[in-house]
Amino acid sequence: MSELVTSRLAAKNWPFSLEYLPQPVYIVGGAVRDAILGRVREYVDLDFIVPEDAVKVARKIAQRYQAGFVLLDAERQIARVVFPNATADFAQQEGKSLITDLHRRDFTINAIAYNPHTQEIIDPLEGYKDIESGLLRMISPVNLQNDPLRLMRAYRQAAQLGFTIEPVTQETIRSLAKSINQVAAERVRVEIGYLLANSQGTSWLNTAWKDGVLTSFFKNATDKSFIKLNAIEQAYTLISQSWQQLGEELANYVRETVKTSWLATAKLACLVDSKPEIAEIELQELTYSRAEIRAVTTGLRLFLEMKAVHKPLRKQYFLFREMGILFPVVLVLALANDIVAKGMFEESMFVTYEPLIKRYLDKNDVVAHPIPLLNGKDMMRALNIPASPLIGELLMEIGVAQAEGKISTVEAAIEFARNLVKT
């Protein structure tokens with residue numbers, strides 16, 4: 001092992017001092033693997049194996065550095081210390097020795113340990129060789145069976161690292177595919193999320209589906225679903241090149257608390273049933289948030305309507321009302337659908353959507369971004385009428401008239417509403 005690897009794992013890169021760790025102690029998992037690969041992450045994520053008193057060690061470090069402390073598993077003695085730009089997990093050693101512990105892990109590339117006190121690297125399963133070969137190899141079928149979520153993690157890690165899954169490992173995953181149903185849906189959803197977020201994830205999602213691991217979660221997916229998933233990637237690239245703002249909006253998170261991008265929701269729409277009401281049920285079962293479900297169902301419902309650019313302004317106005325901030329999601333789905341239908345991208349496809357795109361990007365456009373001339377209270381006061389559904393209908397008609405250029409002032413809006421009430 002090179003000195004470069006050990007220097008990447010050195011305590012000087014941690015958010016706490018080595019003196020707070022007992023001897024022996026070991027860093028394992030992703031941090032060691034990434035150090036060997038030369039992968040640098042802004043957020044430091046460390047996993048330690050401690051022979052005994054793992055929770056006590058973690059608590060002491062958290063107290064010393066006034067960091068967050070989370071007890072993850074009291075029975076197995078696993079705790080987490082959260083720093084501003086780092087996380088350190090401390091787990092009690094499983095079995096009587098480090099070697100026993102490493103043999104219980106998922107893949108050989110994650111079963112390499114580093115002793116920070118001695119700078120020694122322990123690699124009993126020859127994970128280093130598999131890293132050099134770009135191979136994801138299981139340690140044993142039993143280990144995968146004991147935690148079936150590891151089946152999904154195989155595809156996720158292959159995508160993230162640019163690795164291939166070793167043939168015997170992949171065959172084992174296929175044979176264990178049905179055991180994924182033992183895993184809580186939200187845990188599976190997280191792994192799907194990683195794959196949707198990764199540009200290499202599309203092909204691995206397809207592989208996971210073909211291997212039978214995802215078929216019970218996306219019951220209505222077909223081969224065409226994955227053709228469209230690829231088209232989404234192509235459409236996103238084209239949109240980002242021609243309309244930078246739209247590309248940036250697609251890359252944004254749905255919410256800060258929901259670490260799913262708008263682009264990922266568009267991809268998700270390819271994997272569920274094309275009928276929004278059925279898609280909603282599928283996504284609820286996978287514990288997606290309301291915001292994510294709304295993005296998918298709105299996209300499915302409206303992407304064909306995007307071709308309505310030559311329809312009257314009234315119809316455009318209502319289309320923009322329904323899309324709102326989901327315009328980029330609907331657009332990327334519409335463009336991907338065209339790419340699939342034609343088998344390729346044609347410049348004329350952008351021409352179809354350009355008028356709507358220009359409206360959306362112009363924040364002063366009264367069709368795409370209407371600014372109400374008056375509200376419900378103003379309306380009731382001006383016309384001396386009580387609260388009722390009529391108020392909402394009048395406000396909507398005023399919005400349409402404004403979009404059509406018929407009115408532009410408060411006075412004109414009130415007069416317009418007064419005439420509507422009379423008729």
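These are my notebook entries on a predicted model of one protein chain.

**Ground rules.** I number residues from 1 along the chain as its sequence is written, and side-chain values use heavy atoms, with hydrogens and water left out. Since the model is predicted, local features need pLDDT of at least 70 and side-chain atom pairs count only at pLDDT 80 or more, while totals for chains, interfaces and linings use all residues.

**Entry 1: the whole chain.** I looked up the secondary structure and got 21 helices and 11 strands. Helices here are DSSP runs of H or I with at least four residues, strands are E runs of at least two, and both are numbered from the N terminus. The radius of gyration came out at 27 Å, well over the 22 Å that the globule rule gives for 423 residues, so the chain is more spread out than a compact globule. (That radius is taken over C-alpha atoms, and the rule is 2.2 Å times the number of residues to the power 0.38.) The C-alpha atoms fill a box of roughly 85 × 50 × 40 Å along the principal axes.

I then checked burial: 50% of the 423 residues count as buried. Buried means under 20% relative accessible area, exposed over 50%, and partly exposed in between, with a 1.4 Å probe and protein chains only. Of the contacts between residues at least 6 apart in sequence, 65% join residues at least 24 apart; contact means heavy atoms within 4.5 Å.

**Entry 2: helix α2.** I went to residues 30-37 and found α2 mostly covered, with seven of its eight residues buried. Those are G30, A31, V32, R33, D34, A35 and I36. What do they pack against? I have α1, β1, β2, β6, α5 and α7 on the list. After α2 comes G38, with a positive phi near 80°.

**Entry 3: D47.** I found D47 in strand β2, one of the elements that the buried residues of α2 pack against. D47 is at 26% relative accessibility, so I put it down as partly exposed. Leaving out neighbours within four places in sequence, D47 touches Y26, I27, V28 and D89.

**Entry 4: α16 on α20.** I looked at residues 313-323 against 389-403, where the axes come within 9 Å and cross at roughly 120°. That makes α16 oblique to α20. My axes are lines fitted to C-alpha atoms over the stretch in contact, and angles run from 0 to 180 degrees between N-to-C directions. Under 35 degrees is roughly parallel, over 145 roughly antiparallel, 65 to 115 roughly perpendicular, and the rest oblique. From α16, I noted L313, R314, Y317, F318 and R321; they meet M396, E397, G399, V400 and A403 of α20. By class I have six nonpolar, one polar and three charged residues in this contact.

**Entry 5: α12 on α18.** Here I got an angle of about 75° with the axes 11 Å apart, so α12 and α18 are roughly perpendicular. Q245, L246 and E249 of α12 make the contact with I357, Y360 and L361 of α18.

**Entry 6: T297.** Is T297 buried or exposed? I found T297 in helix α15, residues 290-302, and at 12% relative accessibility it counts as buried. Not counting residues up to four places away in sequence, T297 touches P276 and E280.

Conventions: Ala, Val, Leu, Ile, Met, Phe, Trp, Tyr, Cys and Pro count as nonpolar, Asp, Glu, Lys and Arg as charged, and the others, Gly among them, as polar.
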